[in-house]
Amino acid sequence: MSRLKGLRGRRLRDGALAALVPVAACSVALAGLTAWTGAGRAGSPAVIRVQEGKVLLPSAGVPETAAFFHIVNEGGSADTLVGVTARRAGGEVTLSQHRMKQGNAAYRSAIDTVSVAAGDTLAMSPSGVDLTVPVPSAGWESGDLVSFTLQFRRSGPVEALAVVVRPESVSFQ
């Protein structure tokens with residue numbers, strides 16, 4: 001009888017320990033979600049700010065140049081840049097990414113979208129994501145302002161200005 005009692009006690013203890021692990025995991029997850037919600041981040045939409053716009057002054061005879069922005073998502077959800085237009089561009093603006101080939105050769109590749117995570121910043125640069133902008137027939141001069149509309153999947157259109165700058169005056173550090 002005492003052997004049967006010991007076996008029941010062990011089964012009861014093992015069963016309690018087996019149930020304790022998922023209960024503890026759920027409790028930790030619930031505490032994390034409660035803190036996230038209490039901080040106002042749960043379910044909050046993306047809040048996009050576009051700043052520090054720069055368009056590189058193109059070299060004579062070159063049909064396109066690059067533009068760069070800092071995109072900040074201050075919201076609680078990710079958003080995706082899906083397109084860009086510029087009123088004073090000489091054609092369609094393309095979202096691009098710098099790529100490397102064997103032998104250290106670099107090239108620019110068109111991409112459809114780029115995501116900006118919640119609470120994160122996308123700093124466009126020549127070695128990462130940038131915009132390829134066709135140069136208008138009238139051209140640009142250093143100091144000109146170019147108006148862009150960046151289209152985000154969730155936030156919709158965001159208007160931003162970029163100043164035309166000489167390439168040597170820009171640091172992307």
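1. Let's start with strands S2 and S7: three bridges join S2 to S7 (residues 121-123), and the two run antiparallel. Here strands are DSSP runs of E with at least two residues, numbered from the N terminus, and two strands pair if DSSP finds at least two bridges between them. In this pairing, valine 72 stands opposite threonine 121 in S7.

2. A word on what you are looking at: this is a predicted model, in which local features need pLDDT of at least 70 and side-chain atom pairs count only at pLDDT 80 or more, while totals for chains, interfaces and linings use all residues. Residues are numbered from 1 along each chain as its sequence is written, and side-chain values use heavy atoms, with hydrogens and water left out.

3. With S1 (residues 48-56) it pairs in the antiparallel sense over six bridges, and isoleucine 48 stands opposite asparagine 73 in S2. With S8 (residues 129-134) S2 pairs over four bridges, again antiparallel; there, alanine 66 faces threonine 132 in S8.

4. Is S2 mostly covered or mostly open? Strand S2 (residues 64-73) is mostly covered, with eight of its 10 residues buried. Buried means under 20% relative accessible area, exposed over 50%, and partly exposed in between (1.4 Å probe, protein chains only).

5. Now look for aromatic rings: the count comes to one aromatic pair. Rings of Phe, Tyr and Trp (its six-membered ring) pair if their centres lie within 6.5 Å; planes under 30 degrees apart count as stacked, over 60 as edge-to-face and the rest as tilted. The rings of phenylalanine 69 and phenylalanine 148 have centres 5.3 Å apart and planes at 80°, so this pair is edge-to-face. Because phenylalanine 69 lies in S2 and phenylalanine 148 in S9 (residues 145-152), the pair ties together parts 79 residues apart in sequence. Both phenylalanine 69 and phenylalanine 148 are buried.
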